[in-house]
Amino acid sequence: MAVEVMARDTDYGAFVEKFILQPVPSPHPLPLSGLTFEIKDIFDVEGYVTGFGHPEWARTHSAATSTAPAVLAVLRGGATCIGKTVMDEMACSINGENIHYGTPTNPCAPDRIPGGSSSGSAVAVGAKLVDFSLGTDTGGSVRVPASYCGIYGFRTSIGAVSTAGVIPMSQFFDTVGWFARDPIILKQVGHVLLESSDTPHVRPSQVIVAEDCVRLSSIPSGRTTQVLLKAVEKLFGGHIIKNVILGDYVKDKVPSLKNFISEGNNDQETIPSLAALSRAMRLLQRYEVKKNHGDWVTTVKPEFGPGIHEEVWEAMRTSSDNIDACQSMRTELRAALTALLGDSGIFVYPTVQGPPPKLKMDAAAFEVDIAKAFRLLAIAGVSGFCQVSIPLGMYDNLPVSVSLVAKHGSDGFLLNLVSTLHDTLKEEIQVAERTSY
C-alpha cells in the first residue's frame with residue numbers, strides 16, 4: 001500500500017513525487033530488508049500516473065493499473081520504496097536536465113549536469129537519500145549518470161530483467177538497471193532482479209583493454225583504466241590483460257556496419273567504426289521512438305527543452321530506411337564480440353569520454369557531446385551486453401569512472417567480479433588520488 005509524503009526542497013531536486021511502498025511481508029529473512037530505494041518515473045506503480053519526464057504526458061495519461069514486475073521484485077526482496085524521481089523528457093537525453101521539473105543537483109559537482117535520463121535516480125543514491133535506485137538504460141541512461149555522480153551503475157543484458165510496466169523508448173535496446181554506492185548492495189539488488197542465487201566466483205579468463213576507446217577520454221588513463229588494471233594484476237596476474245584496437249576489430253567483423261560509415265572520415269580520434277555503430281543505434285532508437293510515441297507527440301505537441309526538442313522531432317522525421325541493416329549489424333556485432341571475449345572475458349574502457357559537462361549547454365554543444373559519448377555507449381548498447389560503471393574517485397575535483405563489459409547473460413559473473421575487485425581497487429584509487437595532486 002502506498003502512503004503519500006510531501007516532497008522536500010532539500011532532496012537535491014531528485015524526486016518528482018514522494019510516497020511509501022512497503023516491502024511485501026515475509027516470515028523469512030529477505031536480502032534487501034532494511035534498504036530504501038526509489039524508481040525512475042518510467043516505471044508503473046499501481047494507482048499512480050507514470051509521468052515519463054513530462055507534465056503533458058502525465059496530464060494525458062491515466063494512473064497505472066498494475067506495478068512493474070521489477071519494482072515488485074525488489075519490494076518482495078524486502079526493500080522500501082520512497083518515491084519516484086525526475087528523468088529527462090521521454091528518456092530522450094543523457095544530460096539529465098529537465099525544464100519542467102528542474103534538474104536534479106549533482107551531489108559531486110553542483111555546477112555540472114547529473115547525466116540522464118535516469119538523473120534523479122542517480123542523484124538520490126549519490127546524495128545518500130536512498131540505498132539504491134532503479135533506472136532504465138537504452139542508450140546510456142544508467143551508465144552516464146552513474147559516472148557523472150560518482151556511483152555504481154549496472155546495465156543488464158538485454159532481456160535479463162523484465163521491462164513490462166516500463167514505458168518503452170526502444171524495445172531493441174531498453175534494459176532495466178540500478179544504482180548503488182557500494183558493490184555489495186549492487187550485487188544484492190542484482191540477485192533479486194535477475195532471480196538468481198549467488199553464482200560461483202569465476203576468475204576472468206582475459207581482461208581486454210580497448211586501447212582506442214581509452215584514447216577517446218580526456219581524462220588521463222592513469223586515473224581511469226590503469227587504476228583498474230593495477231587491481232586486476234594484483235588479484236589475477238598481469239598475464240590475463242590484453243589490448244585490442246576495438247574499432248578495427250569491429251570494422252573487420254561487422255560487415256553490415258559499412259552502411260553507416262561516413263565516406264572520407266579518417267580522423268583516428270573519432271574511431272569511424274564506433275561512430276558508425278553509434279549512428280546505427282541512434283537511427284534505430286529514433287525509429288522506435290516514432291513508432292511508440294509518434295502519435296502522442298504530433299497530437300499533443302508538447303514543449304521540450306533544448307537538445308531534447310531537436311532529438312524528438314528528428315525521431316518524428318525518421319524513416320524505415322536502413323532498419324534491416326541495423327538489425328543485421330546488431331546480430332553480427334554480438335557474435336563478433338562474444339567470440340573475442342570467449343568464456344569469462346571482459347572488456348575495459350572508460351564509461352564516458354570525460355567529466356560531467358557544465359549545466360545549460362547550448363544545443364549544438366549538446367549534440368557534439370552526445371555523439372562522442374555514444375561511441376563508447378553503443379558497444380554494450382547494440383550488442384546487448386551487460387556493463388557496469390565503477391566510480392574511481394575524483395580527478396580535478398570531478399568524478400571519474402571506468403567500465404567493465406561482459407557478454408550477454410553474464411550479469412551475475414560481472415556483479416561478482418565487481419565485488420571481488422572492490423577492496424583492492426579502493427586501495428589503488430587512494431594511491432591514484434594522492435599522486436594526481
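## The largest cavity

Six nonpolar, six polar and two charged residues make up the lining of the largest cavity (Ala, Val, Leu, Ile, Met, Phe, Trp, Tyr, Cys and Pro count as nonpolar, Asp, Glu, Lys and Arg as charged, and the others, Gly among them, as polar). This is a predicted model, where local features need pLDDT of at least 70 and side-chain atom pairs pLDDT 80 or more, while totals for chains, interfaces and linings use all residues. Numbering runs from 1 along each chain as its sequence is written, and side-chain values use heavy atoms, with hydrogens and water left out.

The space in the largest cavity comes to about 120 Å³. Closest to its centre, among the 14 lining residues, sit Cys 92, Ser 93, Met 169, Gln 285 and Phe 374. A cavity here is a set of points on a 1 Å grid over the protein atoms alone where a 1.4 Å probe fits but cannot get out, and lining residues have an atom within 4 Å of a point. Volume is the space filled by probe spheres set on the points, which are joined across faces, edges and corners.

## The second largest cavity

Here we get about 50 Å³ of space. The lining has five nonpolar, six polar and no charged residues, including Ser 147, Thr 224 and Pro 350.

## Around Thr 175

What does the side chain of Thr 175 reach at 2.7 Å? That's the backbone oxygen of Asp 137. Thr 175 also touches Arg 155, Ile 158 and Thr 163, among others, not counting residues up to four places away in sequence (contact means heavy atoms within 4.5 Å).

Terms used. A polar contact is a pair of N or O atoms within 3.5 Å; within protein, one must be able to donate a hydrogen and the other to accept it, and residues adjacent in sequence count only if both atoms are side-chain atoms. On a 1 Å grid over the protein atoms alone, a cavity is a set of points where a 1.4 Å probe fits but cannot get out, and a pocket is an open set with protein on both sides within 12 Å along at least five of seven lines; lining residues have an atom within 4 Å of a point.
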